[in-house]
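Try each task before you read its solution.

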Amino acid sequence: MIRIILMVLRNLHHVPFEIPKLFSYAKHPEKHSLEERYALIQKIDGYANKGGRVRIEAHGVENIPREDGFIFYPNHQGMYDVLSIIQTCPRPFSVVMKKELSNIFFLKQIFALLESIPIDREDIRQSMEVIKETAERVRQGKNFLIFAEGTRSKDGNHPHEFKGGSFKSAVKARCPIVPVALVDAFKPFDTNSLAPVTVKVCYLKPLYFEEYSAMKTSEIAEEVKRRIEAEIRVLTES
């Protein structure tokens with residue numbers, strides 16, 4: 001977390017201008033389009049990366065579907081994952097997030113601007129409602145990000161089990177599934193270092209409904225994880 005202090009200190013001259021705007025947008029999101037809100041988040045994210053000595057290296061951006069209404073499924077390394085994807089993704093997306101994050105200062109505002117959905121994994125009924133709501137919004141042309149591991153792996157570049165239930169929204173929406181391989185996304189916030197760091201974000205080729213319609217959600221989870229692990233090996237060896 002020491003890098004967060006560096007990010008703040010090196011961006012104090014931006015704080016009087018951008019942070020009030022962020023909170024204003026979050027308080028009245030209906031007054032601004034999703035594109036406007038996303039552009040503001042990307043701008044602030046860019047300042048934070050530069051100030052924190054974090055470089056984002058993007059791969060496979062051309063694999064992001066041209067039409068909206070898809071779901072990203074990245075491996076989950078830490079709190080920086082979403083910020084690294086925001087910096088590299090040209091298209092706005094929402095996040096299915098743990099309900100605990102909806103009360104954390106700054107993250108609360110970011111997720112509000114993205115129209116994200118909090119999920120209580122201990123509440124089966126609420127989780128089912130989130131699955132239905134996410135699927136419906138994807139059918140309406142919204143993009144989402146879901147962490148299939150459920151929680152961060154805390155094991156560096158080694159993904160843990162991808163849960164089949166995380167793919168129910170995609171199946172209901174019959175939408176493209178976009179695997180995303182993250183490499184070293186745990187380093188900015190989860191290591192006690194201020195050394196320059198490069199985070200790699202790789203968007204893999206989507207799985208379209210025709211490809212996975214006959215598969216069980218557990219099989220989809222295994223296939224997505226397999227593709228991500230294979231890409232991580234390529235990225236870490238390069």
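Predicted model: local features only at pLDDT ≥ 70, side-chain atom pairs only at ≥ 80, totals over all residues.

Residues are numbered from 1 along each chain as its sequence is written, and side-chain values use heavy atoms, with hydrogens and water left out.

**Exercise 1. The whole chain**

Find out how the radius of gyration of the protein chain compares with that of a compact globule.

Step 1: The rule for a globule is 2.2 Å times the number of residues to the power 0.38, and the radius is taken over C-alpha atoms.

Step 2: For 238 residues a compact globule would come near 18 Å, and the protein chain, at 17 Å, agrees with this.

Step 3: Now look at the extent: the C-alpha trace spans about 55 × 45 × 35 Å along its principal axes.

Step 4: As for burial (under 20% relative accessible area, with a 1.4 Å probe and protein chains only), 51% of the 238 residues count as buried.

**Exercise 2. One arginine**

Locate R37 and decide whether R37 is buried or exposed.

Step 1: R37 sits in helix α3, residues 34-51; helices here are DSSP runs of H or I with at least four residues, and strands are runs of E with at least two, numbered from the N terminus.

Step 2: The relative accessible area of R37 is 5%, so R37 is buried.

Step 3: Apart from neighbours within four places in sequence, R37 is in contact with Y25, P29, H32, A112, L113 and E115, where contact means heavy atoms within 4.5 Å.

**Exercise 3. Aromatic pairs**

Work out how many aromatic pairs there are, and classify the pair of Y38 and F93.

Step 1: Rings of Phe, Tyr and Trp (its six-membered ring) pair if their centres lie within 6.5 Å; planes under 30 degrees apart are stacked, over 60 edge-to-face, and the rest tilted.

Step 2: The count comes to 7 aromatic pairs.

Step 3: Y38 and F93 are edge-to-face, at 6.0 Å centre to centre with 65° between the planes.

Step 4: Y38 belongs to helix α3 and F93 to the loop between α4 (81-88) and β3 (94-98), so this pair ties together parts 55 residues apart in sequence.

Step 5: Y38 and F93 are both buried.

Step 6: Y38 and F93 also belong to one aromatic cluster, together with F70, F72 and Y203.

Methods
Buried < 20%, exposed > 50% of the residue type's maximum accessible area, 1.4 Å probe, protein only.
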